[in-house]
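Subject: Structure for you to look at

Hello,

Here is the structure we talked about. My notes on what was found follow below it.

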Amino acid sequence: MEASSPSLLAGLRVLDLSTAMGALCGRLLRDLGMDVVKVESPEGDPLRAEPPFAKDQPHQEGSLPFAYLNAGKRGITLDLTQPEGRNRFLDLVERSDVVLDSHDPGTLEKWDLGFSVLTERQPKIILVSVSGFGLSGPYRNYLSPDIVTTAMGGLLYISGDPSLTPCMPPGSQSYTYSSLCAAYGVMLAL
């Protein structure tokens with residue numbers, strides 16, 4: 001059996017602050033060889049509460065979507081709203097190449113972790129923001145659950161029998177597409 005060749009992305013690190021909206025991006029970057037560190041708040045990622053669960057037992061460690069989207073990632077718990085957590089995160093930024101975020105627009109700035117702060121610590125950092133309606137513009141603060149972004153993106157319109165009302169496609173299609181585009185964007189930026 002041949003040994004697999006190392007990935008071109010090996011040795012690069014991603015700090016993954018993503019929610020369900022951008023989690024697949026981190027998984028794809030991990031699958032491509034990057035070292036991905038999932039950063040969770042002390043409350044844990046809300047995706048941990050999403051079914052289905054292993055053995056049909058709801059538990060924070062048993063969410064199958066969380067397990068799939070975070071496979072191969074390392075993990076750390078930091079409270080970015082507190083100085084100690086923020087400082088530890090910034091120490092990690094110094095040794096990282098990418099920060100992946102999918103919180104609401106303005107959240108990183110509220111935590112004093114906006115792009116200007118990150119580039120002070122690591123001038124070459126790539127900040128990837130996956131958001132429902134962008135970081136600026138008239139819709140930036142709109143809620144963006146998958147059904148809304150699937151509808152706004154047009155996919156819901158073409159789903160199902162044309163003579164019936166639209167039906168939601170399986171999975172989280174808009175989150176999948178946005179994560180794919182974000183992963184492509186990271187590779188282009190690198």
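The expected span of a helix is 1.5 Å times one less than its number of residues. Helix H7 (residues 173-189) has 17 residues and reaches 24 Å from its first C-alpha to its last, close to the 24 Å expected on that basis. Please keep in mind throughout that this is a predicted model.

Staying with H7, its buried residues are Gln173, Ser174, Tyr175, Ser179, Ala182, Ala183 and Val186. An α-helix has 3.6 residues a turn, so residues three or four places apart point the same way. What do the buried residues of H7 pack against? Their partners are helix H1 (23-31), strand E4 (98-101), strand E5 (126-129) and helix H6 (146-152).

Now the sheet. Five strands form an open sheet with parallel pairing, in the order E3-E2-E1-E4-E5. E3 and E5 are the edge strands, each pairing on one side only. On average, neighbouring strands of this sheet are turned by 20 degrees against each other, direction ignored. H1 packs on the sheet, where it touches E1, E2 and E4, and the direction of H1 makes about 155 degrees with that of E2. Helix H3 (residues 83-94) also packs on the sheet, touching E1, E2, E3 and E4. The direction of H3 makes about 150 degrees with that of E1.

Strand E2 (residues 35-40) runs parallel to strand E3 (residues 74-77), and four bridges join them. Strand E1 (residues 13-17) pairs with E2 in the parallel sense, again over four bridges. Lysine 38 can be followed across these pairings: aspartate 16 stands opposite lysine 38 in E2, and the bridge partner of lysine 38 in E3 is glycine 75.

Leucine 118 lies in helix H5 (residues 115-121). Is leucine 118 buried or exposed? Leucine 118 counts as buried because its relative accessibility is 1%, and buried means under 20%. Leaving aside neighbours within four places in sequence, leucine 118 is in contact with Phe89, Leu90, Val93, Val99, Leu113, Ile125 and Leu127.

Finally, some backbone points to check. Most residues other than glycine have a negative phi, and most peptide bonds are trans.

- The peptide bond from proline 51 to proline 52 is cis, with omega near 0 degrees. Proline 52 lies in the loop between E2 and H2.
- Lysine 55, in the loop between E2 and H2, has a positive phi, near 55 degrees. With a relative accessible area of 77%, lysine 55 is exposed.
- Aspartate 112 is not a glycine, yet has a positive phi of about 60 degrees. Aspartate 112 lies in the loop between helix H4 (107-110) and H5, and counts as partly exposed at 40% relative accessibility.

Regards

Key. Residues numbered from 1 in each chain as written. Predicted model: local features only at pLDDT ≥ 70, side-chain atom pairs only at ≥ 80, totals over all residues. Heavy atoms only, no water. Pairing = 2+ DSSP bridges. Helix = DSSP H or I, 4+ residues; strand = E, 2+ residues; numbered from the N terminus. Buried < 20%, exposed > 50% of the residue type's maximum accessible area, 1.4 Å probe, protein only. Contact = heavy atoms within 4.5 Å. Axes fitted to C-alpha atoms, helices over the stretch in contact; angles between N-to-C directions.
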